[in-house]
Amino acid sequence: MNDHARTLIGQALQQAERFLLITHIRPDGDAIGSLLGLGMALLESGKAVQMVLDDPVPLQFRHLEGAELIKRAIQGDFDVSITLDCSDVSRLGKFGEGIEWHINIDHHITNDGFAKINLIEPEAVATAEILATNLDIWGFQVSKAVANALLMGILTDTIGFRTYNMRSDVLRLAAKLMDAGANLPVLYARNVYQKSFEAVKMWGSGLSRMQRRDGLVWTMITNQDRLMAGYPGKDDADMINLLTAIEDAKISVVFVEQPNGKVKVSWRAVPGVDVSQVASQFGGGGHPAAAGAELTGEIQELCEAVLEKTYLHLREDQRNSKNS
Ligand code: 5GP
Ligand code: MN
């Protein structure tokens, strides 16, 4: 099925002239890397390309070539519309309604296949990996700008090549991207381990409130924490990765209060535990090892409801893994 989708996508990319490319709200490195990777490859081959996103490009990704071309509005016509790294249209923000999507390229197992042509590869570590594998097959050059964008996507979704879904192929692909001009140490520094002073200060609040119950570890970041630290984003500043460093943590959860009355939840799990199922119960989604959702309500109440379901799920997955 995917081979057919791959062929159809190659034909569409070659034959059409005007493209609309989009990725998900609250974009992570893979979202921006995939958008820029495909967008710049098409632009450099002479196509007209609109890259859009219903959010500003996060500061840490603005060093990438072409980042300034990403807009928050659609201007004019296009022939082919493409979503990248996006599991369902609700993740497109204001662009989620009224647009017919031709092509959907993604690696989320929870992707509902909303486009005419869907290339969904859950075993890929990043959507950027799918693009890096296919761009030259589809007949496009991987320039330095494209290589940097795609390697950034792969690096961030694998947290620097260390998630459990890593394969040797991914390292070979990364080497190819380096040969094409990608600067691994710079991408690694800027997008994997460096954080702003304010981000690390906000971690302090989150860490001081950390709790656990058996293999479940969690914390929350409030609007007040964000204000006190002077952190400009609305995300957890990758605080979730600190919790996953705890050796007994089977599932880690971070709750981030949002100024608009919502609460962003992030889950991470060790192999054998699938948090995408819990996230789906709350209207979110993601991968077995990393999932998220956005809920509406009071943070303390949501926290209790989510933790209860998460704890039950952990017990169930552990029972199943003992029985199998
Ligand atoms: P994070 O916790 O880093 O925001 O997200 C982890 C994974 O879950 C990512 O792959 C992301 O795309 C997915 N994810 C996060 N939030 C949502 C959401 O609200 N809905 C869906 N469907 N997926 C999400
Ligand atoms: Mn991704």
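Which residues on the other side of H7 are exposed? They are Phe197 and Ser208, where exposed means over 50% relative accessible area, buried under 20% and partly exposed in between (1.4 Å probe, protein chains only).

This is a predicted model, in which local features need pLDDT of at least 70, side-chain atom pairs count only at pLDDT 80 or more, and totals for chains, interfaces and linings use all residues. Residues are numbered from 1 along each chain as its sequence is written, chains are lettered from A and ligands numbered from 1 in the order in which they are written, and side-chain values use heavy atoms, with hydrogens and water left out.

Back to H7, a helix of 12 residues (197-208); helices (H or I, at least four residues) and strands (E, at least two) are DSSP runs, numbered from the N terminus. Ala199, Met202, Trp203, Ser205 and Gly206 are buried in H7. Those buried residues line one face of the helix, because they fall within an arc of 160° seen down its axis, the arc being that of the directions from the helix axis to the C-beta atoms. Their cover includes strand S8 (216-221), helix H8 (223-229) and helix H9 (239-243).

| Residue | Relative accessibility |
|---|---|
| Asp30 | 0% |
| Asp85 | 1% |
| Val265 | 0% |

Val265 is found in strand S10 (residues 262-269).

Notes. Expected span 1.5 Å × (residues − 1). Contact = heavy atoms within 4.5 Å.
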